[in-house]
Structures are given as C-alpha cells and as structure tokens.
Amino acid sequence: MSRVHGADQSRRGVLAWLLCGACAHHGGPRKLSIAAAADLSFALDELAREFRKSHPSIEPAIAYGSSGNFYAQIRNGAPFDLFLSADVEYPRRLAHDGLAAALPVFVYGVGRIVVWVPAASPLDPATALRAPTVRHVAIANPQHAPYGRAAEEALRSLGVYDSVEGKLVLGENISQTLEFVESGAADVGVVALSLAIAPPLAGRGRYWEVPLQAYTKMEQGGVILKDSTAAREFRAWLVAPAGRAILKRYGFYLPD
C-alpha cells in the first residue's frame with residue numbers, strides 16, 4: 001500500500017515538474033545569448049534595456065570581451081546566438097566557414113579611438129603620448145582586440161610608437177585597458193570613444209580624439225549564429241532608428 005502511494009506521489013512529482021518546465025518554456029522570456037565587443041558595454045546595456053520595453057518576451061544575456069577571443073570560442077563551439085564584433089571581419093570569417101546562420105553579416109557602426117587620462121591627471125590628453133613623465137601607456141592587446149590593433153596603428157602613424165613601445169601595458173580587452181588607467185596602473189590609455197563618453201565615465205576623465213586618418217576605419221559588425229525569431233528581432237532593432245540613435249549617442253559613426 002505504501003509503495004503504491006509512494007509511486008503515485010513520484011508520478012505526480014514528475015508530472016508537476018514537466019508542467020512547470022513547459023510553463024517556464026512557453027511563459028517566461030526567451031534568453032538571447034549575445035557575445036559582444038567590450039567597447040559596447042555601456043551602449044549595448046542601454047540598447048538591451050530599451051529593446052526589452054518593446055520586446056518583453058526576449059531577454060538579452062550579454063557577455064563582453066575581446067572580439068578575437070569570442071571568435072576563437074565560437075569556432076570551438078561556444079553556444080552564443082548572436083555575435084557583435086568590434087571588427088566585421090570576424091563575423092565574415094564565421095559566415096564564410098559555415099559557422100553562422102545563413103543570414104547576412106551586418107555592419108552596425110564605425111568605432112573611434114581616443115587618448116584618455118583621468119580627470120585629476122596633469123597631462124593634456126592631446127600631448128600625453130609624448131610627455132616624458134609618462135611611464136605606462138595602456139592599449140588593448142593587438143593580438144585579439146581590434147581596438148588594440150587600431151591603437152598600435154595610430155601610435156605608429158603619429159610617430160610615437162618607438163618612444164612608447166617599452167611603456168605599453170596590454171589590456172585583455174578595451175574595458176580592461178580603461179581600468180588600467182583609472183586604477184593608476186597606466187598614466188594614459190588609448191581607448192574606445194564609446195567608453196570615454198559613457199555617462200558613468202564622462203566626468204572621470206578627459207580625452208583627445210585620435211584623427212581618423214591615423215588608423216584603418218573600424219567597421220563593427222555582427223552575425224546571427226543561431227537563427228531564431230529573437231535573434232532576428234534584436235538585429236532588426238539594433239539597426240533600426242531607435243538602436244542607431246543610441247549608438248550615435250555613444251560616439252559610433254553609423255553606416256549608410
């Protein structure tokens with residue numbers, strides 16, 4: 001008798017678990033896993049908040065890091081739904097090699113770099129790279145961070161690379177690069193404009209925008225890795241007027 005009662009309880013428990021699972025699947029928000037370049041950290045957070053207001057059934061889950069590292073992870077099977085890179089070439093390679101959904105790669109903005117110093121620094125950001133008192137200059141690692149490659153190219157173009165090469169401190173991504181300068185581990189950094197003008201940082205430092213001709217145009221692009229309605233809706237919103245307005249506010253040039 002007790003064994004029959006216990007089995008009945010077990011069956012009811014399994015049924016309840018299955019029903020709860022079905023409810024969660026159909027009633028809860030759909031998770032959209034996004035791998036995003038670190039320069040998007042403030043802009044994309046705002047984009048995601050605004051997106052959810054009109055798409056409450058979709059919940060973006062965003063991981064930030066260097067585009068090169070994400071590219072390697074995706075090639076090794078990392079389960080992201082959408083990849084937003086600081087260099088459109090990474091998504092193009094994934095699409096070319098059949099590692100993305102059969103949908104177009106898209107350009108969502110053009111990034112810019114600036115020389116950034118803390119607000120309390122006596123350095124003028126326009127001349128900081130040439131200042132003899134500077135001991136450490138932070139840039140993102142050029143091996144896997146597009147903003148690091150742009151910084152290195154700009155340092156060479158501006159004629160200061162040889163004098164600062166021995167002072168370089170490499171961040172894993174552009175967010176960590178900025179953290180190095182904020183923490184005092186570096187005196188000056190070459191960082192993304194989108195971070196320098198973000199509201200949380202706008203009053204904590206000063207910047208000088210590196211001339212565009214000093215580095216290769218930074219086309220930032222994305223690709224849907226796993227096709228879904230959620231991924232398509234987020235992509236459409238990102239490149240629609242509402243999304244473009246937010247990107248523009250964070251200093252991105254917009255594609256035609």
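Guide: Helices (H or I, at least four residues) and strands (E, at least two) are DSSP runs, numbered from the N terminus. This is a predicted model: local features need pLDDT of at least 70, side-chain atom pairs count only at pLDDT 80 or more, and totals for chains, interfaces and linings use all residues. Residues are numbered from 1 along each chain as its sequence is written, and side-chain values use heavy atoms, with hydrogens and water left out.

Visitor: Is Lys217 buried or exposed?

Guide: Lys217 lies in the loop between β9 (205-209) and β10. Buried means under 20% relative accessible area, exposed over 50%, and partly exposed in between (1.4 Å probe, protein chains only). The relative accessible area of Lys217 is 59%, so this residue counts as exposed.

Visitor: What is the strand order in the open sheet?

Guide: Two strands pair if DSSP finds at least two bridges between them. The open sheet has five strands with mixed pairing. Its edge strands, β2 (58-65) and β4, each pair on one side only. The order is β2-β1-β3-β10-β4.

Visitor: How many bridges join β3 to β10?

Guide: Start with the other neighbour: β1 (residues 30-37) and β3 pair in the parallel sense over three bridges. There, Ile34 is partnered with Leu82 of β3. On the β10 side, Ser85 stands opposite Gly221. β3 and β10 (residues 218-224) run antiparallel, and the bridges number four.

Visitor: Which residues of β3 are buried?

Guide: Strand β3 (residues 82-85) is covered on both faces. One side has Leu82 and Leu84.

Visitor: How far apart are the end C-alpha atoms of α2?

Guide: Helix α2 has 14 residues (residues 41-54).

Visitor: What angle does the direction of α2 make with that of β2?

Guide: Axes are lines fitted to C-alpha atoms, for helices over the stretch in contact, and angles run from 0 to 180 degrees between N-to-C directions. Contact means heavy atoms within 4.5 Å. α2 packs on the sheet and touches β1, β2 and β3. Its angle with β2 is about 175 degrees.

Visitor: Within what arc do the buried residues of α10 fall?

Guide: In helix α10 (residues 241-249), Gly243, Ile246 and Leu247 are buried. The arc is that of the directions from the helix axis to the C-beta atoms. These buried residues line one face of the helix, because their arc is within 100 degrees.

Visitor: Which exposed residues does the face of α10 turned away from its buried side carry?

Guide: First, the buried side: its cover includes α2, β4 (106-111) and α9 (229-239). The face turned away carries the exposed residues Pro241 and Lys248.

Visitor: Which side chain makes a polar contact with the side chain of Arg112?

Guide: Arg112 sits in the loop between β4 and β5 (113-118), and counts as buried at 13% relative accessibility. A polar contact is a pair of N or O atoms within 3.5 Å; within protein, one must be able to donate a hydrogen and the other to accept it, and residues adjacent in sequence count only if both atoms are side-chain atoms. The backbone oxygen of Gly251 is 2.8 Å from a polar atom of the Arg112 side chain. The side-chain partner, at 3.2 Å, is Glu209.

Key:
The expected span of a helix is 1.5 Å times one less than its number of residues.
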